[in-house]
Structures are given as C-alpha cells and as structure tokens.
Amino acid sequence: MHRKDDYLKRLRRIEGQARGLQRMVEDEKYCIDILTQVSAMTKALQSVALGLLEEHMSHCVVDAARAGGREADEKIREASEAIARLVRS
C-alpha cells in the first residue's frame, strides 16, 4: 500500500466527522444540516475506497495479470466484485 499515510489521515478525519454527527444528533441539530454532514462523510469514504481500488488495480491486478493463470483470474474477479459493491453503495 503506497499511500497508507494518506488513507490513515483521511480515515481519522472521517472518524472525527462521525463523532461530530453523533453530537449533532444528540444536540438535535437541524435535520438538513445532519444530512449534509452525512453526505460529506459518505463522499470521503468513497474517496478512500476509490483510492484503494486504484492501488489494487495498478499493483495487485497488474502483477497477477503479468503472471497469468488462476491468480490473474482471481484478482480480476475480486476487483470486479469490489467495483460492483462500490457502484451499489
């Protein structure tokens, strides 16, 4: 994982956003403001997911494709399933 530190920083920010959302709900803030923050948090998580997927494709899948065989098929299947999960979310 080449951008591990970047992902950890983003995830820590997302963790802070989640705590902020909890406080907003506890304090009964305006629903639209809470939904706006939920949307921002969702986008942040999607950004992390897309970055991880890009790394997986450019390293794990490419290396497996070069090697060929069953490992290549497995990595491509895994990537396809991950993409499908992201599209559904």
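**Exercise 1.** In this predicted model, state which alanines of helix H3 are buried and which helix the buried residues of H3 pack against.

Solution.
- Step 1: Ala72, Ala79 and Ala82 of H3 are buried.
- Step 2: These residues cover an arc of only 95° around the axis, which puts them on the same side of H3.
- Step 3: On the other side of H3, Arg70, Asp73 and Arg88 are exposed.
- Step 4: The partner in packing for the buried residues of H3 is helix H2 (31–67).

**Exercise 2.** Determine which residues are joined with Arg77 into one network of salt bridges.

Solution.
- Step 1: Glu74 forms a salt bridge with Arg77, at 2.4 Å from N to O.
- Step 2: Glu74 and Arg77 are three residues apart in helix H3, so about one helical turn separates them.
- Step 3: A salt bridge also links the side chains of Glu81 and Arg77, at 2.6 Å from N to O.
- Step 4: Glu81 and Arg77 are four residues apart in H3, about one turn of the helix.
- Step 5: Shared partners therefore join Glu74, Arg77 and Glu81 into one network, as a salt bridge needs a nitrogen within 4 Å of a carboxyl oxygen.

**Exercise 3.** Decide whether Arg19 and Glu15 are buried, partly exposed or exposed, and find how far apart the closest N and O atoms of their salt bridge are.

Solution.
- Step 1: Arg19 has 42% relative accessibility and counts as partly exposed.
- Step 2: Glu15, at 45%, also counts as partly exposed.
- Step 3: The closest N and O atoms of the salt bridge between Arg19 and Glu15 are 3.6 Å apart.
- Step 4: Both residues lie in helix H1, four residues apart.

Technical notes: Residues are numbered from 1 along each chain as its sequence is written. This is a predicted model: local features need pLDDT of at least 70, side-chain atom pairs count only at pLDDT 80 or more; totals for chains, interfaces and linings use all residues. Side-chain values use heavy atoms; hydrogens and water are left out. Buried means under 20% relative accessible area, exposed over 50%, partly exposed in between (1.4 Å probe, protein chains only). Helices (H or I, at least four residues) and strands (E, at least two) are DSSP runs, numbered from the N terminus. The arc is that of the directions from the helix axis to the C-beta atoms. Contact means heavy atoms within 4.5 Å.
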